[in-house]
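Let's take a walk through this protein together. Have the sequence and the 3D view open, and we'll go from the overall layout to the details.

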Amino acid sequence: MQEPPPLLDKCLGFTRHRELMEEGIYPYFQPFEESYGPVARLDGREIIMVGSNNYLGLTHHPKVKEAAVAALKRFGTSCSGSRFLNGTLRVHEELERKLARFMGKESALVFSTGFQTNLAVISSLAGKGDIVYCDRDNHASLIDGCRLSFATTKKFKHNSMSDLENLIENHSGNHFTGGRLIAVDGIFSMVGDILDLPGIVSLAKRHDACILLDDAHSLGVLGKGGRGTAEHFGLMDQVDIIMGTFSKSFASLGGFIAGERAVIEYIQHHSRPLIFSASMPPACVATVITALDLIQKEPEMREKLWKNTRRMKREFDRMGFDTGNSETPVIPLIIGSREETFLFWRKLLDHGIYANAVTSPAVPPNMDLIRTSYMATHEDHHLDRVLEVFEKLGREYAIIDPSRAHPVTSRAAPDS
Ligand SMILES: Cc1ncc(COP(=O)(O)O)c(C=O)c1O
């Protein structure tokens with residue numbers, strides 16, 4: 001057989017995943033047989049799911065499923081083309097009108113994934129001579145959007161307004177004639193803390209910067225009406241572009257942006273990830289239209305999510321886990337090393353609990369963690385079991401620090 005080309009040497013030398021599989025602690029690409037929302041089936045066993053972004057539990061809501069099936073029957077499985085050409089249906093436009101109204105913005109535009117949305121927005125708005133400022137903990141899609149653009153990227157320390165201000169001031173004065181974009185997550189997806197949006201808005205105003213807010217984890221979750229981080233802080237009209245994904249509270253797949261009509265129309269006609277990729281399938285569009293309707297009509301889903309969140313945060317803190325600065329349904333349990341995290345993940349699974357093992361570079365070095373996340377559809381008996389297992393294993397593997405254990409008042413209650 002011919003020698004493989006040198007480019008592929010790295011692939012042949014890549015064996016770490018296999019070693020972890022042999023040790024039985026490889027936590028990725030686990031193939032679930034079934035998923036029912038808070039419960040799923042893996043290797044023939046029922047497990048409790050605390051690793052999903054299905055915050056409102058809408059993936060299994062009867063009305064949502066009905067809408068998806070009806071759209072599938074009416075429009076078929078795919079649009080087989082880009083929004084730009086044959087891939088726009090009236091339901092795409094209906095969804096855009098509804099999203100714009102919900103977000104209190106002039107226009108909205110939907111994309112086939114959230115990742116693609118961030119690539120599209122940054123690469124079409126920021127070009128040579130512009131600067132994009134990114135929080136160090138931003139989602140990969142914002143970082144890759146910067147890479148795809150020809151702009152300069154500057155990363156600031158996580159949620160540090162003083163670091164952002166220093167970066168901006170280092171590039172001020174007459175010599176700088178470009179535009180500034182501040183691209184930030186609303187809820188940081190791995191550690192569950194909330195962006196200092198008031199700080200961002202004030203800096204953006206002072207330095208004529210445009211704000212792109214990625215509210216993937218905040219829509220449906222934060223704010224009185226579920227409109228996300230900007231609503232939570234009462235700043236809906238101060239954020240230029242709000243971006244969201246449909247893969248979390250909206251129970252589907254896709255993404256969108258909402259903003260001024262001129263900005264949306266510009267992106268619509270300049271974004272290569274939108275123009276050269278097929279549009280969101282009709283069943284996904286129908287799912288999101290129904291989920292959006294339920295988010296507005298059934299606030300009790302959000303209330304239940306926060307009730308569950310407060311309980312879990314309070315209990316983990318009481319036990320002595322390190323939950324970082326989480327204030328949301330994303331609650332990390334910080335462990336430290338990768339090996340301990342993988343082992344803890346495996347032990348959780350052996351006890352019938354699925355959570356996500358998150359390691360560097362998704363989190364800073366030595367901050368490897370188990371990311372737990374909660375749903376409105378978790379019932380008390382699911383959460384009782386999760387807490388019981390975490391407490392037992394946390395003590396057994398010395399993840400719980402008894403000196404940290406205290407009956408704290410939970411910080412995870414911004415919306416209630
Ligand atoms: C903050 C953030 N932005 C964007 C995305 C990408 O969204 P999607 O999964 O819909 O492509 C994600 C998903 O993980 C995310 O967490």
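How much area do domain 1 and domain 2 bury between them? The answer is about 1,400 Å², and 60% of it lies on carbon and sulfur atoms. On the domain 1 side, Met190, Val191 and Val221 are the residues that lose the most area to domain 2, and together they make up 38% of what that side buries. Keep in mind as you look that this is a predicted model.

To place that interface, step back to the layout. Domain 1 covers residues 60–297, while domain 2 covers 299–396. Taken over C-alpha atoms, the centres of domain 1 and domain 2 are separated by 27 Å. Where the two meet, 19 residues of domain 1 are in contact with 18 residues of domain 2.

What sort of contacts join the two sides? Between domain 1 and domain 2 there are five residue pairs in polar contact, with both residues at pLDDT 80 or more. Sorted by class, the side of domain 1 that touches domain 2 has eight nonpolar, eight polar and three charged residues. As for salt bridges across the interface of domain 1 and domain 2, the rule finds zero.

Now let's turn to the cysteines. For Cys146, the closest cysteine sulfur is in Cys134, at 3.6 Å. A disulfide calls for sulfur atoms within 2.5 Å, so the sulfur of Cys146 is too far from that of Cys134 for a bond. Cys146 is also buried, because its relative accessible area is 3% and the cut-off for buried is under 20%.

Cys210 is the other one to find. Its closest cysteine sulfur is in Cys146, 12 Å away, so this pair too is too far for a bond. With a relative accessible area of 23%, Cys210 counts as partly exposed.

Methods. Residues are numbered from 1 along each chain as its sequence is written. This is a predicted model: local features need pLDDT of at least 70, side-chain atom pairs count only at pLDDT 80 or more; totals for chains, interfaces and linings use all residues. Side-chain values use heavy atoms; hydrogens and water are left out. Domain bounds come from an automatic or database domain assignment. Contact means heavy atoms within 4.5 Å. Buried area is the accessible area (1.4 Å probe) that two parts lose on being put together, summed over both. A salt bridge is a side-chain nitrogen of Lys or Arg within 4 Å of a carboxyl oxygen of Asp or Glu. A polar contact is a pair of N or O atoms within 3.5 Å; within protein, one must be able to donate a hydrogen and the other to accept it, and residues adjacent in sequence count only if both atoms are side-chain atoms. Ala, Val, Leu, Ile, Met, Phe, Trp, Tyr, Cys and Pro count as nonpolar, Asp, Glu, Lys and Arg as charged, and the others, Gly among them, as polar. Buried means under 20% relative accessible area, exposed over 50%, partly exposed in between (1.4 Å probe, protein chains only).
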